[in-house]
Amino acid sequence: MSVREAVGEDGSERLAFAVLGPVRVWSEGRAVKPGSPQQQAVLTQLLLRPGFGVSMHDLMWGVWGDGSPDGAVSHVRTYAWRLRRLLEPDPAAPRVLVSVGDGYRLDVPEGAVDAPRAAGLADGAAGARAAGDLTGAHRLVTSALELWHGEPLSKVPGPFAERERDRWNELRTALLEEKYEVALALGQYQAAIPELTVLAAEHPGRERLHGLLMRALHGTGRTPEALALFQQVRRRLVEEQGVEPGAELTSLHRRLYTSPQAPADDLGPRESVTAGSPPAPAGTATGGEAGPAGTFRPTVPAQLPRAVSDFVGRAAEIDTLRALLVGTDRDSLPLAAVSGMGGIGKTSLVLHVAHQVRDHYPDGQLYADLRGMERDPEAPGIVLGAFLEGLGYPLKLLPDTVEGRSRLLRTVLDGRRVLMVLDNAADAAQVRHLIPGAATCAVLVTSRGQLASLEGAVQLCLGRLLPEESISLVGSIIGRDRLGAEREAARALVGACGQLPLATRIVAARLAARPGWPLAVLTARLTDEARKVSELKVGDLAVEAAFDLSYRHLTPDQARAFRLIAVATAAELGLDAAGAILGTAEFDTEDLLEELVSASMLESPAPGRYRLHDLLRLFGRGRALVHDRAEADLAYENLLGYLLATACNAFERLVPGDPVAGTLASLGTRGTALADAAEARAWAAAHFELAVLALQSCAGPGAGAPAQGLLPAATDLLVALSPFVGDLRHEQLAPAALTVAAAAKGRGDLRSYGRAEWLSCSFALRAGRPSAAYAHARQAVEACRLAGDLVILRQALNDLGLIAVSLGDFAEAIVRYEEAIVLARELGHRSGEIATSLNCALAQARSGGTEAAMRTAEAMLEAGRALDDAAAVAYALYVQGIALSEAGRHEEAARRQTEALDACLRAGDGGREVHVRYRLADTLRLLGRHPAAESEARRAIALARRRGDEQAECHALLVCGKVFLDRAEPEGARAFLEQALHIHDRLPLAGREETVELLSRLGPPA
């Protein structure tokens, strides 16, 4: 029966399909077009799983792999609708393509698809040859081969089609081998030689083809050529793969060499199960073998390596795996894939759990190291052979193909309770043929790469151990008493190891061998980043070797991305910054980074965010500096250039018109465009850590010459981020500014030094350290005057005025402010002039010049409104409120301060808001509106704490204490005043004397 003659059960339907070549479809004897390539991809998945439902997830993966497009489900539904119109007599009442769950099943007559028919003919040919019917075997093999009409599933896209192409190409090659095996058995030596010569050249790794050609040559009297062919094959195998020919080819060579006159018939045919043939039933012999050597006697393998005795942690993962493996109510095979970076403890976890549950698998435990990270990963066929041998199956009865052995393993394991551990897999393709079908069995797989395409597997991706777990591991190796005596040192040690189990085990083993060493000695050796990775070695255990295995498996593009990110930063980064480092477009960048995540060489803590484990970063940095130092230096420069360019964009969005923007350096890199101040704040927050580490890399003591030359750019990055200090963690920016200042001073860079000192002044002011701020400001003023940096000089003078106010020296403050105002006018910096004029007015109000302060504040209010500067308007209203309050006009002051508060909320100015609230609270207190005063003061305290503004918090606490005093509630007053005094004890702020005096009025606590 041809492929076009398959008849349905009722005899009315005629459907036929061909996939061994271009996909073809016949309905009622007529050829119909199978549709688009994607539609063919859906159809072939259903054809090659006849009678079985295929889920929507599997259909989408088969067409697009892991990158299904938006609307993929809708696309598949459309393809199914079109196929029904092709195949169904009545598409409204489908009987051929039926819905199953969220997917579909194709019910077609037996023999309607050419590929399964080819496999059946192959099995029949093997049976015929085993029964001695060589002519019948030759006829069946020839019939099977005639079903091929080109590349299987030609032009059909997707991973399913790719996998099936490999499968059916393999069967065709096996059938060709069988064809010539039978031909030689029939004595057709001369006729076989031309085709075998071509096939052997096309498949240089298939020893069976070379053996057939050697036998054909020998059969025609060309034995010397047969012997020479063996030497050619052996030389290629040794040179290219480092292996000798297999036992069968070697045996054939030996027989030809020692008995060159031996009849050709004595050299074959072979006695093994052929491609596509079913495995022999348990307890039977095949290929003419009889007795013990040819009988399957089941054994119970116990192949698990020992579990480590000092295993710690992973409680959640253990619970997940145990629940999967010991559950009895299941209808599918339990399968788990455990992934993670080298040294993270995948094998230890899996073996720990496997030994715990082995009693649930009384029929045995199988184990294989698949050597997925080696240059020559273990071939699935070899592993299958080892498993079958471990289960008691005779080696000489094993099928030759992977498909045949896989089917045999599934047959042997059917109904048995066997646990299989597949360690160190290269990818999902390496393990698919090894997985049993029986739900009574279970499989645990480990791999450095994520096996997302392994269907039905529970995915566990291991991260670093928790600190206490790492410390416990150290204690289990060096001894609990020693750990107890140096627990804090152990905490620092595991931190230096990045809580990586392999690194922790190595340092603990080194310490165990050196009982006289304090733990801090080894920790100190690990502080040198240049030698840290090389220090993590003991015996045959080495972190660097573990990382190198993964690194060598990266593609050139992946390896480059890994190196450059490692050398550029230790911070978490997004696609924008990574693209700047790599010089790649966003989509290409994401593909590369996701590939590194899948290879467990990079972590992704959130969508679009990436980071390197610290030890992997140091490993990658070392590789980058060795591979191409200039490329490594450029990676850092590209990152700094991107950060600076985007920070400048953010600066202009937050403080438009500020002349500082025109003085910021550029490295010629385009930054990210930001639409408004909100986007600018969000960008600054997301890139804060990245920027701080970039600054330290440039200004730190270990900076190389190329990085040192980028110090002015790094300084300007810090300046560009300075308007966001209220939103960022200034306690981390402050050390960065000091580091830059020290580096600039040492290198004689006055411009960078002046700017860094000015920033240090700002950070000290924010931290409530006016004396330190004053010293930094004076240094900044001096350096900026010498460098001619007038823009920053104006800022530094303004800050000197702020410091003088905080110290109660209003006269000096006014002098500094007035000089800054003159510079602002020279620079045309109108918003700066407004801000400093209001600062000056505030100093005037505080020193008794309330009328002058009111005039200045009113003028600046109008100027702010003219510029549509919401922050300036809010500040002007705030100053007016203070001036009115100082003048005793409290009702007017309260109205102005309420307007100021509304303006702050509209402008989103949280820094000004906290000050307005505690000033308004004090005004309301003076007006006797105590509930409202208390409410505003408490809000000010909460806001100041959220912002980390201890100076404002101290003022707000003082106001709240006064409210309680006015209400004659001494204990409430004491609680707030003591908190304020606690801040005064740490920070030299104005108002301490008043706080102490108020507490003294209360007397001792009740």
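Select Arg254 in helix α10, which covers residues 247-258. Helices here are DSSP runs of H or I with at least four residues, strands are runs of E with at least two, and both are numbered from the N terminus. Arg254 is partly exposed, with a relative accessible area of 47%.

A word on the model before moving on. This is a predicted model, in which local features need pLDDT of at least 70 and side-chain atom pairs count only at pLDDT 80 or more, while totals for chains, interfaces and linings use all residues. Residues are numbered from 1 along each chain as its sequence is written, and side-chain values use heavy atoms, with hydrogens and water left out.

Go to Asp310, in the loop between α10 and α11 (315-326). Is Asp310 buried or exposed? Asp310 is buried, because its relative accessible area is 15%. Show its side chain together with that of Arg505: the two make a polar contact of 2.9 Å. A polar contact is a pair of N or O atoms within 3.5 Å; within protein, one must be able to donate a hydrogen and the other to accept it, and residues adjacent in sequence count only if both atoms are side-chain atoms.

Next, select His687. This residue sits in the loop between α28 (677-686) and α29 (688-699). His687 counts as buried, at 5% relative accessibility.

**Salt bridges**

Side chains of opposite charge can pair when their charged atoms come close. A salt bridge here is a side-chain nitrogen of Lys or Arg within 4 Å of a carboxyl oxygen of Asp or Glu. How many salt bridges does the structure hold? There are 49.

Start with Glu468 and Arg491. Their closest N and O atoms are 2.6 Å apart in a salt bridge. This pair links distant parts of the chain, with Glu468 in helix α16 (residues 467-478) and Arg491 in helix α18 (residues 487-496), 23 residues apart. Glu468 is partly exposed at 37% relative accessible area. Arg491 is also partly exposed, at 32%.

Move to Glu950 and Arg986. Here the closest N and O atoms of the salt bridge are 2.5 Å apart. Glu950 belongs to helix α43 and Arg986 to helix α44, so the pair links distant parts of the chain, 36 residues apart. Glu950 counts as partly exposed at 25% relative accessibility. Arg986 is partly exposed too, with 41%.

Now pick Glu913 and Arg917. Their side chains meet in a salt bridge of 2.9 Å, N to O. Both lie in helix α41 (residues 910-926), 4 residues apart, about one turn of the helix. Glu913 and Arg917 are both buried.

For a network, select Arg129, Glu170, Glu177, Glu178, Glu181, Arg206, Arg208 and Arg215. Salt bridges link these residues together.

**Two positive phi angles**

Most residues other than glycine have a negative phi. Select Glu28, in the loop between β2 (24-27) and β3 (30-32). Its phi is positive, near 55 degrees. Glu28 counts as partly exposed, at 45% relative accessibility.

Then jump to Ala968. Look for this residue in the loop between α43 (950-966) and α44 (970-986). Ala968 has a positive phi of about 60 degrees, although it is not a glycine. Is Ala968 buried or exposed? Ala968 is exposed, with a relative accessible area of 62%.

**Last stop**

Finish at Glu594, in helix α25. Glu594 is partly exposed, with a relative accessible area of 33%.

Conventions
Buried < 20%, exposed > 50% of the residue type's maximum accessible area, 1.4 Å probe, protein only.
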